[in-house]
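Thank you for letting me speak today. I would like to walk you through one structure, slowly, so please have the sequence and the picture in view.

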Amino acid sequence: MARNKSKAKPSRPDKSKGSMAEEGSGSACGVSSSGLGGMTSKKECTSCEQKLETNDKVDEVGIITGISDISLSICANCSKEGANNTCNKCKKVKYCNAACKKRHRHKHKKDCEEYLSHIAKLREEDIKCAAELHDKELFKQPPTVEDDCPICLLRLPFLSTGSRYQTCCGKMICCGCIYAGRMTGASKLCPFCRIPDPKTDELIIERLQKRIDAADADAVNTLAFFYTNGYFGLPQDHAKAFELRHRALNLGCFEACCNIAQAYKFGDGAEIDEKKANYYFELGAMKGYVNARLFLGLEEMVADNVDRALKHFMLAAKGGQNFALEQIKSLYLNGDATKDDYTKSLQAYQTYLDEIRSPQRDEAAAAREDYKYIMDHSLTPPVLRATVESAINNTTPPSC
């Protein structure tokens with residue numbers, strides 16, 4: 001009788017029956033310390049007296065429910081605290097040691113596989129969604145990047161020979177206005193700011209450096225062009241040009257993207273890196289530079305992705321790239337593009353020509369080869385010609 005009197009009377013006899021099956025803890029309610037100290041003890045809510053649900057399940061994001069932050073250190077097999085041996089696959093369940101992990105494997109296997117399958121599905125959906133968003137951005141109509149000539153107020157052609165960067169004032173002047181100025185009495189003056197032309201290479205570089213010091217992105221890109229070709233007394237240095245083009249890009253000159261991409265693709269001043277080359281081609285294309293868009297189309301042709309190539313070519317043709325127009329014509333003749341595709345491209349290309357043409361520019365182009373402003377085969381850079389031919393013949397383009 002004395003032994004029976006020594007027992008403490010349970011405060012809630014209707015809630016006192018626990019079982020080994022009622023493992024796990026964690027809910028919106030508070031949990032008694034006895035419930036966390038041992039998984040075999042009864043578990044009661046200290047605030048609302050409701051019995052805790054203890055079924056371990058995997059929720060919609062793959063996190064095992066029914067386990068509080070404190071019980072995450074409890075062994076899933078023997079319920080001892082301080083477990084730090086994690087499941088190698090799901091990383092969500094802990095064990096005392098390898099022996100407990102092995103004993104509990106058959107119980108945990110199904111939940112583990114379901115969790116991993118769910119995570120893989122989420123990742124696949126994320127990748128697919130990201131790819132769709134990327135393509136939506138890549139193939140939307142890019143902005144028109146060519147500014148107007150500050151003198152004749154006509155759209156500047158994308159072709160590099162169609163305009164000149166003036167180191168004195170930092171303006172881009174069209175070939176027509178430059179040629180008209182050369183034919184007048186002010187032939188030795190800048191057509192825009194009327195400052196006399198530099199007489200020495202040193203003065204040209206000095207003026208250009210002043211524009212660079214003023215954070216002029218076009219000036220930095222122009223200096224890179226000089227280093228690429230060894231103009232005005234500068235050594236031919238592709239590595240220096242590559243560095244300057246990155247600087248120009250950081251200042252907002254997205255025209256440098258195509259040159260940077262070619263450097264990565266052909267090892268011209270940088271180590272060959274196809275991923276980086278593709279990144280800069282895409283960046284340039286999304287900013288409206290048609291040569292970068294043409295390269296992407298040709299790469300898709302080599303990979304036999306005709307539909308994607310056609311999209312690139314149509315956007316490039318709209319920006320004045322006549323090689324892209326020729327590729328669309330070839331696709332149309334081969335049955336890979338519709339008549340409507342070709343017609344729209346022709347109309348878009350004609351619209352571009354109408355915006356850049358003028359009698360003054362035509363006169364300049366007829367007088368000097370380096371004043372041509374409408375692209376033709378003879379003015380195509382060697383690297384671009386090689387890439388075009390490789391895409392047509394399905395061969396690897398040579399490095400420049």
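**Salt bridges and a surface patch**

Let me begin with a pair of charged residues: K265 forms a salt bridge with E274, and the closest N and O atoms of the two are 3.4 Å apart. K265 is buried, because its relative accessible area is 9% and buried means under 20%, whereas E274, with a relative accessible area of 45%, is partly exposed. Please keep in mind that this is a predicted model.

A second pair is E300 with R308, where the closest N and O atoms of the salt bridge are 3.1 Å apart. Here E300 counts as buried at 14% relative accessibility, while R308 is partly exposed at 24%.

Which parts of the chain does the salt bridge between D370 and R164 tie together? Its closest N and O atoms are 3.4 Å apart, and since D370 lies in the loop between α14 and α15 while R164 belongs to strand β5, the pair ties together parts that are 206 residues apart in sequence. D370 is partly exposed, with a relative accessible area of 30%, and R164 and D370 are also linked with R368 in a network of salt bridges. The count of salt bridges comes to nine.

F232 is found in the loop between α6 and α7, and it counts as partly exposed at 31% relative accessibility.

Finally, for the chain as a whole, there are 15 helices and six strands, and 40% of the 400 residues count as buried.

How values were computed
Residues are numbered from 1 along each chain as its sequence is written. This is a predicted model: local features need pLDDT of at least 70, side-chain atom pairs count only at pLDDT 80 or more; totals for chains, interfaces and linings use all residues. Side-chain values use heavy atoms; hydrogens and water are left out. Helices (H or I, at least four residues) and strands (E, at least two) are DSSP runs, numbered from the N terminus. Buried means under 20% relative accessible area, exposed over 50%, partly exposed in between (1.4 Å probe, protein chains only). A salt bridge is a side-chain nitrogen of Lys or Arg within 4 Å of a carboxyl oxygen of Asp or Glu.
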